[in-house]
Amino acid sequence: MPEANLKPEYLVGVDLGGTKILAGVFDDKLACLGRSKMSTKSERGPEEVVERISRCARDAVDECDLDFKQVRALGIGAPGAVDPESGRVIFAPNLQWQDVPLKKLLEKQLGTLVVVENDCTSATLGVYEKELQSKPRYMIGIFIGTGIGGGIVADGKPYYGSNGTAGEIGHMVIEVGGPKCSCGSRGCFEALASRTAIFRKLAAAVADGKKTILTDSLGPDLKDLRSGDLRKAIKKGDKLVEEIVEEAAEYTGIAVANLINLLSPQVVVLGGGVIDALGEEMMAIILETAQDYGMTGATKGVDIVASKKGDDAGIIGGAVLARQQSK
Ligand SMILES: [Zn+2]
């Protein structure tokens, strides 16, 4: 292809997770043209991870038969506290990162504009731009996976708060003296309803002598348990799993009620691996609990919905960031 034809018109969105890196190539209308996936291998240190992000992004572009020179900008969501201005990851416990200049390092390797954002803020923007046709002024995204994160859209823009840490929905305390959380506090939403919390509760119940069909296939220590296994067990009538998942859904409903009381959004979108796998089992309970606990009138007319974008919300959000910053 002649050099002159390589117009930088495409966007790359990256979702950097504790276990995997996802990259997608998008056109200006946010249609996904191709994607790539790679394990993060955070134990090898930031330099190696940055190298892998570059490789994953290049693979996705190559997959679409494009040249990286045709990429206008790359947006990436990182799991932790981020300074979007400087593009530094200040603290990312899942990656064991402290003050990593991600923007600078990636720009050096890829030669294109890089925009860095918190992963849940990025995923919230992805859902907002691609999934919510109504473009509400106020919206909350809640992502339930290994941990729980969130993002807030106010007046159509991400809301960061005074020091950039707004949206730490997973660390709202909703049970006094509840289980210990990864943040050091107790009774956080994340410690009660994340995949980690559900698995921990199930393992404790099994150790306590309670019965689940999951031990038949996975053994007594429930090795390699996945969210999808929980759905299958419930479908087969497993009462213990059903009870634990319902409890997680109730806590989620309470968290949603608190957020609606506080922020009065038009839409609350739930996403992440747990909702992807167990949305059918959890959404009705989440809705009902949110309505029960929400202040009279506050929940009226608020849409509480599951995201249909699944894992893609993060990479779409990355593309949205890239598009915003490179216009
Ligand atoms: Zn916490």
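The following conversation goes through a predicted model and asks how some of its descriptions are reached.

Student: What makes His-171, Cys-181, Cys-183 and Cys-188 donors of the zinc ion?

Tutor: Their atoms, ND1 of His-171 and SG of Cys-181, Cys-183 and Cys-188, lie 2.0 to 2.4 Å from the zinc ion, and because a donor is an N, O or S atom within 2.8 Å of such a metal, these four atoms count as its protein donors. Along the chain, the donors follow the spacing H-x9-C-x1-C-x4-C.

Student: Why is the site of the zinc ion called tetrahedral?

Tutor: The angles among the four donor atoms are 105 to 123°, and four donors count as tetrahedral if all angles lie between 85 and 135 degrees, so the site of the zinc ion is given that name.

Student: Why is Cys-181 called buried, and why is Cys-183 called partly exposed?

Tutor: Cys-181 has a relative accessible area of 8%, and because buried means under 20%, Cys-181 is buried. Cys-183 has a relative accessible area of 43%, which falls between the limit of 20% for buried and that of 50% for exposed, so Cys-183 is partly exposed.

Student: How do you know which strands stand at the edges of the open sheet?

Tutor: The five strands come in the order β11-β10-β9-β12-β13, with mixed pairing. Since β11 (157-158) and β13 (303-306) each have a single partner strand, one side of each is left without a neighbour in the sheet, and therefore they stand at the edges.

Student: What makes β12 and β13 a pair?

Tutor: Two strands pair if there are at least two bridges between them, and four bridges join β12 (residues 267-271) to β13, the two running parallel, so they meet that condition.

Student: Which strand gives the most to the lining of the second largest pocket?

Tutor: That strand is β8, with five residues. The pocket has a volume of about 290 Å³, and its lining has 14 residues, with Pro-84, Glu-85, Val-115, Tyr-160 and Gln-325 nearest its centre. The lining residues divide into nine nonpolar, two polar and three charged.

Student: What makes β8 mostly covered, and how is β8 paired?

Tutor: Five of the six residues of β8 are buried, and because buried means under 20% relative accessible area, the strand is described as mostly covered. β8 pairs in the parallel sense with β4 (residues 71-78) over six bridges, and Gly-75 stands opposite Val-115 in β8.

Notes:
Residues are numbered from 1 along each chain as its sequence is written. This is a predicted model: local features need pLDDT of at least 70, side-chain atom pairs count only at pLDDT 80 or more; totals for chains, interfaces and linings use all residues. Side-chain values use heavy atoms; hydrogens and water are left out. Donors are N, O and S atoms within 2.8 Å of the metal (3.2 Å for Na, K and Ca); water is not among the atoms, so sites may look incomplete. Four donors count as tetrahedral if all angles lie between 85 and 135 degrees; four count as square planar and six as octahedral if opposite donors are over 155 degrees apart and all others between 65 and 115; anything else is irregular. Buried means under 20% relative accessible area, exposed over 50%, partly exposed in between (1.4 Å probe, protein chains only). On a 1 Å grid over the protein atoms alone, a cavity is a set of points where a 1.4 Å probe fits but cannot get out, and a pocket is an open set with protein on both sides within 12 Å along at least five of seven lines; lining residues have an atom within 4 Å of a point. Grid points are joined across faces, edges and corners, and a volume is the space filled by probe spheres set on the points. Ala, Val, Leu, Ile, Met, Phe, Trp, Tyr, Cys and Pro count as nonpolar, Asp, Glu, Lys and Arg as charged, and the others, Gly among them, as polar.
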